[in-house]
Every structure is written in C-alpha cells, then in structure tokens.
Amino acid sequence: MTDTDIKKGLAGVVVDTTAISKVNPETNSLLYRGYPVQELAATQPFEAVAFLLWNGELPTEAQLAELRAEERRHRALPEKVRAAIELLPLEAHPMDEVRTAVSVIGAADTAGAASVLDAAGSPEENLARSVRLYAALPAIVAYGQRRRRGLGIVEPRDDLDYAANFLWMTFGEEADPVIVDAFNRSMILYAEHSFNASTFTARVVTSTLSDLYSAVVAAIGALKGPLHGGANEAVMHIFAEIGSAGNVVPWLDRALARKRKIMGFGHRVYKKGDSRVPTMQAALESLIEHYGRPEVGELYATLEREFVSRKGIYPNLDYPSGPAYDLIGFDTLTFTPLFIASRVTGWTAHIMEQAASNALIRPLSAYDGPEERHIPGYVASA
Ligand code: ACO
C-alpha cells in the first residue's frame, strides 16, 4: 500500500449504501428517504420525520397517533436515570450526562439478556428501543439544564406534541407557537446526515453485533467533539467573544492571523454551502423578530459576510442554530445535547439498516512504525 492509497479521515471514501438520506453537495440538497429536508421542516412535526427515518415512509394519521401515544408513554424521566444523573457533579458536561443516561437506560433494558448476541435484539425490538430512547431524551436534556440552574423536574404534559412538550419540560412554561415552530424545524434539520462521524461510529459499533444502546453511547462520544456536534456550542462562545457587529472585523483579523478555526463554518461534504442553513436561518430570523433582538441578526450577518468574503468557506447548520437556541433560552452547554435528542432518530435508523445487512467494519492501516526488532537475549524455545 502506498501513501496515495490512504484516504486520511476517509475523505471521499464510499463505505456502504444507505436508503436513509442522500447528501448532494453539487445541488446543495439533502433528502430524507427521498424528501427534501426543507419541505419536511416546513410541513411536518418532528415525530413524523422520526417515523419516516425509521420506516421509510411518512406516517398515516393512525400511525402518527400510535407513535405519539408511545412517545407520551415514555416521556417521563425514568427514576434510575434521574438517580444516575444526580450522582454526577453539577459541573459535568451535559454531553457526559446524556451519555451516562443512555448507558443507564441501555443497561436496564438489556438486563437479563442471555448473551451479548441476545442483547443485540431483533429488528422489532430495536425499533421499539429507538422509539423509547427518542421519547426519553427530552426529559434527560431538560432536567440537565434545570438541575444546573438549581431547578426541579417539570413533569411532561400529555396534551403537547414533542417539540412543545420538550420546551415545557425545559422552561416550565408553554412556549409561543413561533418558538415551537423554530425548535421543531431545528430538530428536523439535525435528525439525519448520512455517514457523518457520529452515525458512522454507531454503524461501526453495530457491525460488531453490539447492542443499539452501546452504538448510541459511542455516537454521543463522537458528536461531542467541536469538529462535529460540539460546534453549535462553540459558535455561541465566539459570539460572546465578539460581542457586537462592530467588533467583527478586528476580531476576525486577529483570529485568522492566529489561524483559528471559526466554528459554525465549513463542512467536509458541502463546499458551496450547507443545504440546511437557509431553513434554520429563516427560523432564527423569526426568533429575532419574536424576541426583538436585531443586534443578534447584525452580528450573525456581519460575521458571515466577512468570513465568507475572506475565506470562501460557508456556514454550516450549527451557525444559525447556536444563536437560535440561545434566544430560546437554552444554556450554551445544552446545545449539543439538543443535537443528540434529534440525531438519535438518524443514528437508530442507521443502526437498524446496518444490522439488516451487516458486514464487520474493519479497515486496514499502513504501518509506519519501527522495522521488526527483537528483545536482546531472547531465545525462542523449541
Ligand atoms: N475556520 C477557518 N478555516 C477553516 C474552517 C473554519 N471553520 N473550516 C475549514 N477551514 C480551512 C482549514 O483550516 C483548511 O485550510 P488549509 O488548507 O489552509 O489548512 C481548509 O479550510 C480545509 O479544512 P479542513 O478542516 O481540512 O476540511 P475538512 O473537510 O476536514 O473540515 C470541518 C470540515 C471539520 C467541518 C471544518 O470545516 C471545521 O473544522 N469547521 C469548524 C467546526 C464546525 O463548524 N463543525 C460543524 C460541522 S457541521 C455539523 O456537525 C452540523
């Protein structure tokens, strides 16, 4: 193998087929099971998109009602999960908190499995597990934020749909429809993106015939990094550093002179712009108007204009979603856990797809360490 055979970061390597989503950087489009993500975000509740990712088709009214009923049954924070979260230091990163919570749910759910093979579960079991996990995550994320603010649990409300109930459990008050709509859109836009780093991680774990929860826990670890999901949190740190639109130019001069990466810009696949940005930017604009915060829009637009004109690198989804989540009232540290609550639908769809047509994922490496050598004095026994 020569160095030219090596695809560092697997860039450009096609490792398998998927029927779940199609990313086309040439046409700047993202399809979930054939539907443009913009159309889904404009017309569907997140629950319908979750169903679509898992089952391949949008739900009928009866199927949506059934999914919603099942989701409502598993909305409350499980007692064991609450207890485990409370064992963690308040200063623990919420991504570690959610990772731990999913691990607890997985251990409880697969307890008693006769073997690791048994724990991997049937396709039906894995679909049911996916629904339960997606249903439980809002309570985990919401309680994490409340706990850090010294607040108690807000019990879920059965009369609210997924997005409205998520906001209710986080803030303890019913959100305005403008906010619910923006939040619902963000959940849909974050749900799926083919073989991104965290989804690929989930597929690698699944390929060893490990269980769904182990795959999701591993995916959370991959999502935490600032080159991936952690970027939405990092965008807000940058906004805080810059302060206002008037500071953008000197700030950017300094940042680029120090070769800093500007979080929320750039993408491994999209080089001409992230297809999800216009929809999320429109949601951000509706929030800016709702909250009467034009200065956020000015900072957003100025940094984008200056950075794109200097580097030709475009914003990714994390750029508009960071300030949108901030306006809604989420703590900056809660942003990437929100990404988990959404992306768990895509991850679990991929876990089921991988399991249905499995091949152990095990690439090769080119060795560049020392030549073969030997322990002085060692004599192999006959
Ligand atoms: N700020 C400054 N320079 C950048 C940025 C950025 N955000 N993104 C890319 N570049 C530059 C690199 O420094 C590099 O320059 P060089 O060739 O002079 O060394 C060149 O563009 C290529 O960048 P790579 O990092 O090699 O490209 P890659 O395809 O591997 O990176 C990535 C994609 C990791 C997303 C990168 O653009 C980045 O680090 N962005 C910031 C983090 C971020 O926003 N991540 C979110 C991803 S989307 C999501 O998870 C929803």
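These legends walk through close-up views of one predicted protein model with its ligand.

View 1. Residues are numbered from 1 along each chain as its sequence is written. The protein chain has a mean pLDDT of 95, and 99% of its residues reach 70 or more; pLDDT is the predictor's confidence in each residue, from 0 to 100. The model scores are ipTM 0.95 and pTM 0.94.

View 2. The chain is divided into domain 1 (15–230 + 331–357) and domain 2 (240–326), with bounds that come from an automatic or database domain assignment. Their C-alpha centres lie 26 Å apart. Each domain gives 20 residues to the contact, where two residues count as in contact if their C-beta atoms, placed from the backbone, lie within 7 Å. On the domain 1 side, β2 (29–32), α1 (37–43), α9 (177–190) and α17 (335–356) each give two or more residues, and α9 supplies the largest share, seven residues. Helices (H or I, at least four residues) and strands (E, at least two) are DSSP runs, numbered from the N terminus. This side of domain 1 has 13 nonpolar, five polar and two charged residues.

**View 3. Helix α9 against helix α16.** Look here for α9 and α16 (residues 318–328), which pack at an angle of about 145 degrees with their axes 11 Å apart. Axes are lines fitted to C-alpha atoms, for helices over the stretch in contact, and angles run from 0 to 180 degrees between N-to-C directions. I179, A182, F183 and S186 of α9 meet S321, A324 and I328 of α16. By class, the residues of this contact are five nonpolar, two polar and no charged.

**View 4. Helix α4 against helix α7.** Helix α4 (residues 79–87) packs with helix α7 (residues 123–148) at about 35 degrees, their axes 11 Å apart. From α4 come V81, R82 and I85, and from α7 come I140, Y143, G144 and R147. Four of these contact residues are nonpolar, one is polar and two are charged.

**View 5. The shell around the ligand.** Of the 17 residues around the ligand, A231, F265, G266, R268 and N316 come nearest; a residue is near a molecule if its C-beta atom, placed from the backbone, lies within 6 Å of it. Domain 1 and domain 2 each give at least three residues to this shell. The shell divides into seven nonpolar, six polar and four charged residues. Ala, Val, Leu, Ile, Met, Phe, Trp, Tyr, Cys and Pro count as nonpolar, Asp, Glu, Lys and Arg as charged, and the others, Gly among them, as polar.

Note on methods: Predicted model: local features only at pLDDT ≥ 70, side-chain atom pairs only at ≥ 80, totals over all residues.
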